[in-house]
Amino acid sequence: MDFDFSAILLGLTVLFGVIWGLDRLFFYKQRKAKAEAASKEVHEPVVVDWARSLFPVVLVVLVLRSFVAEPFRIPSGSMMPTLDVGDFILVNKFAYGLRMPAFNNKFVSFGEPKRGDVVVFRFPGYLCEDGGKLVRSGDQSCADPHAPVPSQNWIKRVIGLPGDRVEMHGDQLVVNGQPVAADLVGPYEGDPKRAESRLMLEMGATVWNEHLPNGEGGVVNHLTARMPNYAVPPPLPNPHVPLVVPQGCYLAMGDNRYNSTDSRWWGCLPEQNLAGKAFLIWLSWTGSGVAIHRMGTVIH
């Protein structure tokens, strides 16, 4: 998303509330008295009538989107095969705490992400060096370290928690010294008419079932895709990612391991950038029709 819809909702809520409130404080009584003196019904100005009608509607939508659940659409293939391009998902906005809409600062905490969580977050920007310091930039090449970071929501899977030692060499993910097991499921199968699927088929993509420890004694079993003929992502650690995940940050990666611009490229995900936890595919539009079999799928 190139704009912050929550900020727009917040602005509209304030605007409608102010118009309605000021009218009730300063103008409504005068209007009512004149109408009663003339034995007529009280008529509100069009602007006030609209504000009064829309204020509760916009307020409810703002509360639901900001604190309960918000719909998102998957724009790229970085989370394939778990999430496909055109999937519409629901995100639990209070999974990790309540945040002020538009500002995203947490004022009530309900916990922290676990390894394996699929999270939506505000893209933090690429790490670039400027005068010996690392800064966040919207320019992936770092030719302009001060390029504005676009206001976009991204989705990835949490791989490393604060304090974790995370390494990745080729396809092997190692967390706290323990290699993360993965079993081959088979070759990727998809529709060659779709660009994202065609790329994976041409690159000989394979699907794997990864068993990622969640940090609480359990394991998150989820699918990943590999296509080493396409590109080789940076290893972990690298100049942007230290061996130990810093406090207040998370390492996030796409399930399409060779076609995902993630923490391996732009560093750790700051906690304050989290928007929520993805939990359900409620609609899937492939471009040529609705993928009914994906609707209602719980996201793991």
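User: How much space lies in the largest cavity?

Analyst: The structure is a predicted model. A search of the whole structure finds one cavity of 30 Å³ or more. The space in the largest cavity is about 30 Å³.

User: Of the residues that line the largest cavity, how many are nonpolar, polar and charged?

Analyst: The lining of this cavity is formed by M168, D171, E210, T224, R226 and R257. Met counts as nonpolar, whereas Asp, Glu and Arg count as charged. The lining residues accordingly divide into one nonpolar, one polar and four charged.

User: Over the ring of which residue does the charged end of R226 sit?

Analyst: R226 is among the residues that line the largest cavity. Its charged end lies 3.7 Å from the centre of a ring, and that ring belongs to W208.

User: Which kind of aromatic pair do F123 and W266 form?

Analyst: The structure holds eight aromatic pairs. In the pair of F123 and W266, the ring centres are 6.0 Å apart and the planes stand at 85 degrees. Planes over 60 degrees apart count as edge-to-face. The pair is therefore edge-to-face.

User: How many residues apart in sequence are the parts that the pair of F123 and W266 ties together?

Analyst: F123 lies in the loop between strand 5 (118–122) and strand 6 (126–130). W266 belongs to helix 4 (residues 263–266), so the parts tied together by the pair are separated in sequence by 143 residues.

User: Are F123 and W266 buried or exposed?

Analyst: A residue counts as buried under 20% relative accessible area. The value for F123 is 3%, and that for W266 is 0%. Therefore F123 is buried, and W266 is also buried.

User: Which residues do ring pairs link into a cluster?

Analyst: F123 and W266 both belong to this cluster. The residues linked by ring pairs are F121, F123, Y126, W154 and W266.

Note on methods
Residues are numbered from 1 along each chain as its sequence is written. This is a predicted model: local features need pLDDT of at least 70, side-chain atom pairs count only at pLDDT 80 or more; totals for chains, interfaces and linings use all residues. Side-chain values use heavy atoms; hydrogens and water are left out. On a 1 Å grid over the protein atoms alone, a cavity is a set of points where a 1.4 Å probe fits but cannot get out, and a pocket is an open set with protein on both sides within 12 Å along at least five of seven lines; lining residues have an atom within 4 Å of a point. Grid points are joined across faces, edges and corners, and a volume is the space filled by probe spheres set on the points. Rings of Phe, Tyr and Trp (its six-membered ring) pair if their centres lie within 6.5 Å; planes under 30 degrees apart count as stacked, over 60 as edge-to-face and the rest as tilted. Helices (H or I, at least four residues) and strands (E, at least two) are DSSP runs, numbered from the N terminus. Buried means under 20% relative accessible area, exposed over 50%, partly exposed in between (1.4 Å probe, protein chains only). A charge sits over a ring if NZ of Lys or CZ of Arg is within 6 Å of the ring centre and within 35 degrees of the ring normal.
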